[in-house]
Amino acid sequence: MMLLDLDILIKMALGGVGIWTLYYKRTEILAITHKDFTAKLDSTIRFYKDFFDKGNVSKLVLDRAAQELARLDYVDSDFICYLIKLHDARLIDLDQMIRLYRSGRNFIIYTPQKEVTASNFKIKIKDGRTVGRQVFYFGFQYVIFAMLIVFPLAFSGNIPSLIQVKNILFAYFFGGAYILGCLFLSVKALIDSVDIRDAETFIQKLNDADVQYQAMVSQKEIEASNKKLISNYSEYQRR
């Protein structure tokens, strides 16, 4: 009896360690991507040359070009051009923002329009709920569903003696469906906890960059206006 209890405890401990490790390393695991720098450079050069800020090109063509540049089929040219302007102003990193949007887009509400600003993006979350609380809920769901997988496996040696199953095929089918269902739900909760954090980071970075960008535009307009006034005054003096 003591050996049986010890065996169960070891299985549960190993399962708990695996669950915690997977949750703790979730960001690193989900961030593994393949980068083709040559193709990205070619598409970037072509986009700048043929499509960036080109008013005489069809919106559909511009959107397709923007999707090729971003490697995403759910963005439009106005969105990508806005990110490029912020990147050129050294306020964001375009690749990082595209990665954050790709990860968190299920939790981001984007309202398309010609002149895109940070106000076109909002986080999709239940009213009155913070992102931190939603992440806690996802983490709790992950632990619950993961433990629902671990517990049956830990006690798997006792199950045949506890129940009498007449249809073995049905028992295996039900057990497999149960484990796969819990596995799917636990992984989904894990991914959602990362995605909503990425959505929050995307919107925060965009808001900060937009404030700085608008300040830079206003400063340039003031400087241009001052130069025009000085030029007009100099011309008036010469008369």
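Biologist: Starting with Asp192, is that residue buried or exposed?
Modeller: Asp192 counts as buried, because its relative accessibility is 11%. Buried here means under 20% relative accessible area, exposed means over 50%, and partly exposed is in between (1.4 Å probe, protein chains only).

Biologist: What should I know about the model itself?
Modeller: It's a predicted model: local features need pLDDT of at least 70 and side-chain atom pairs count only at pLDDT 80 or more, while totals for chains, interfaces and linings use all residues. Residues are numbered from 1 along each chain as its sequence is written, and side-chain values use heavy atoms, leaving out hydrogens and water.

Biologist: Which side chain meets Asp192 in a salt bridge?
Modeller: Lys188, at 2.9 Å from N to O. A salt bridge needs a side-chain nitrogen of Lys or Arg within 4 Å of a carboxyl oxygen of Asp or Glu. Lys188 is partly exposed, at 42% relative accessibility.

Biologist: Where do Lys188 and Asp192 lie?
Modeller: Both are in helix 9, four residues apart, or about one turn of the helix. Helices (H or I, at least four residues) and strands (E, at least two) are DSSP runs, numbered from the N terminus.

Biologist: How many salt bridges does the count come to?
Modeller: Six, by this rule. Lys59, Asp63 and Asp78 are linked in a network of them.

Biologist: Ok, what's the Lys59 to Asp63 part like?
Modeller: Their side chains form a salt bridge at 2.9 Å, N to O. Both sit in helix 4, four residues apart. Lys59 is partly exposed at 37% relative accessibility, whereas Asp63 is buried, at 13%.

Biologist: And how far apart are the closest N and O atoms of Lys59 and Asp78?
Modeller: 3.9 Å. That pair links distant parts of the chain, with Lys59 in helix 4 and Asp78 in helix 5, 19 residues apart. Asp78 is buried, with a relative accessible area of 18%.

Biologist: Switching topic: how many residues are in the largest nonpolar core?
Modeller: There are 40, and those with the most contacts inside this core include Phe47, Phe79, Tyr101 and Phe202. Such a core is a set of buried Ala, Val, Leu, Ile, Met, Phe, Trp, Tyr and Cys residues joined through side-chain atoms within 4.5 Å.

Biologist: Which helix gives the most to this core?
Modeller: Helix 5, with seven residues. Among the other elements that each supply at least two are helix 4, helix 6 (94-104) and strand 1 (108-110).

Biologist: What does Tyr101 touch?
Modeller: Leu72, Tyr74, Val75, Phe79, Ile108, Tyr110, Phe121 and Phe202, not counting residues up to four places away in sequence. Contact means heavy atoms within 4.5 Å.
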